[in-house]
Amino acid sequence: MTPAVVLIAIFAYFIVLFGISYIVGHRADNQGFFVGNRKSPWYVVAFAMIGSMISGVTFISVPGMVAASGFSYLQMVLGFVVGQILIAYVLVPLFYKMNLVSIYEYLENRFGMSSYRTGAWFFFISKMLGAAVRLFLVCVVLQLLVFGPMKLPFLLNVIFTVGLVWLYTFRGGVKSLIWTDTLKTVCLIVSVILCIYYIATDLHLDFGGLWQTINQSDMSRMFYFDDVNDKRYFFKQFLAGVFTMIAMNGLDQDMMQRNLSCKNFKDSQKNMITSGISQFFVISLFLMLGVLLYVYAEINGIQAPQKSDELFPMIATQGYFPVIVGILFVVGLISSAYSAAGSALTALTTSFTVDILGVKGKSEDQVVRLRKRVHVGMAVVMGIVIFVFNLLNNTSVIDAVYILASYTYGPILGLFAFGIFVKKQVKDKYIPLVAIPSPILCFILDRNSQAWFGGYSFSYELLILNALFTFIGLLFLIRKQTPGSTKS
């Protein structure tokens, strides 16, 4: 594919995004920007959430990971489904009852300002790093297809990519995100199905032959029960999936602001359960595509790239298939990655404005001006992080996303779990002294686990351990309740 074709596909997609943003968001006030005025139909949000939970990382990394991990990722996705159900029936009614704009306001109401700020800062770090990793992947592909051939530097690539994301999220906030995520879901499903179709056609496989090829491949193994030290071991993956979903969806302002835009908590519950089950089948399609990509490469004598993330981009865009396959790949990538980055930018703007800077006592116009300045600042910081990550990257991007989540979402999960299940007050001002050491302790255990625990290697279950350390630390901060006492 030529750089011109890629740029035309990108600009065509963004014309549609800008149109949606203008139509939906041109009258969005602060409530519209933050929670969509709580008027979103649940079935629209459910369909949009399928796409919002699938980023460019999934689009590129998941097909490539089957060579090393088979279908073991579906064990984690099964945990995602259970996590969605728990969020729907535990967290959603609570957040609606409290009428929250930012979910981290719960921590202020439950513990105090120090806890509130701690949760907000951990979210800020988590979401900024996670969004930067996801958008970094797009920049890598664009550098390969556009900026590299045109002899343009990676820095210009980052400015171009982040600038486009900032432009289309500037007006509409959550109201725009829900409808752009709907478009993204359509693009993702259509692109992956058509890519499977073209590969199957080239391999002369009908539906039965397609299923047999995938089923007979060693890469299609889903369940791993035989070795507890294996990172693919079922209960590691499943439990990590449950708690990762709770942390990265239920306790993530980016994802929950969509759920909180539904009319009431019952509609939000319908949305979450529907989208969670649908996600399992969509990710299955990506894994099937991965098997077909490796089979195609082997049959045609194509040497698979050293980095698994590069397999799908290479085969889709380097002339092995009709140009339409490359265009579908680009559309699927930009629809997934730009939408995910846009939603993260909106969530970061919401959280930083409401949780860290504070909006209490400010007029509507003052909040608008503050929010617009924060929106620009978040875009600049995201661009810087992407550029730095380019200098440091040495792992599969989907692996990097969940590794980061294991460290940064753990304290948030521990805080919320303690707040919901333990009805005691704690010494609020000391909460950072518990939350900050927890991921540090997890890092030390992870680095030494094989030596200390007979060869045991931690996977994404580090998130659970991280939350547990925070939870235990909070037990030591419980204070005695006396008549008339207040949060400290």
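The model is predicted, so local features need pLDDT of at least 70 and side-chain atom pairs count only at pLDDT 80 or more, while totals for chains, interfaces and linings use all residues. Residues are numbered from 1 along each chain as its sequence is written, and side-chain values use heavy atoms, with hydrogens and water left out.

Start by selecting helix α7 (residues 113-147) and helix α16 (residues 364-392): their axes come within 8 Å and cross at roughly 60°. Axes here are lines fitted to C-alpha atoms, for helices over the stretch in contact, with angles running from 0 to 180 degrees between N-to-C directions. Now show the side chains where they meet: F124, M128 and F136 are among those on α7, and M378, V385 and F389 among those on α16. By class, this contact has 15 nonpolar, 1 polar and no charged residues.

Next, pick N157, in helix α8 (residues 154-169). N157 counts as buried, at 0% relative accessibility (buried means under 20% relative accessible area, with a 1.4 Å probe and protein chains only). Leaving out residues up to four places away in sequence, N157 touches C139, L142, Q143 and F147 (contact means heavy atoms within 4.5 Å).

Then jump to Q237 in helix α11 (residues 234-250). Q237 is buried too, with a relative accessible area of 6%. With residues up to four places away in sequence not counted, its contacts include S72, Y73, K231, R232 and Y460.

Last stop: select helix α21 (residues 462-475). Its end C-alpha atoms are 20 Å apart, which agrees with the 20 Å that 14 residues should span at 1.5 Å a residue. Color its buried residues, including L462, N466, T470 and L474.

Technical notes. Helices (H or I, at least four residues) and strands (E, at least two) are DSSP runs, numbered from the N terminus. The expected span of a helix is 1.5 Å times one less than its number of residues. Buried means under 20% relative accessible area, exposed over 50%, partly exposed in between (1.4 Å probe, protein chains only). Ala, Val, Leu, Ile, Met, Phe, Trp, Tyr, Cys and Pro count as nonpolar, Asp, Glu, Lys and Arg as charged, and the others, Gly among them, as polar.
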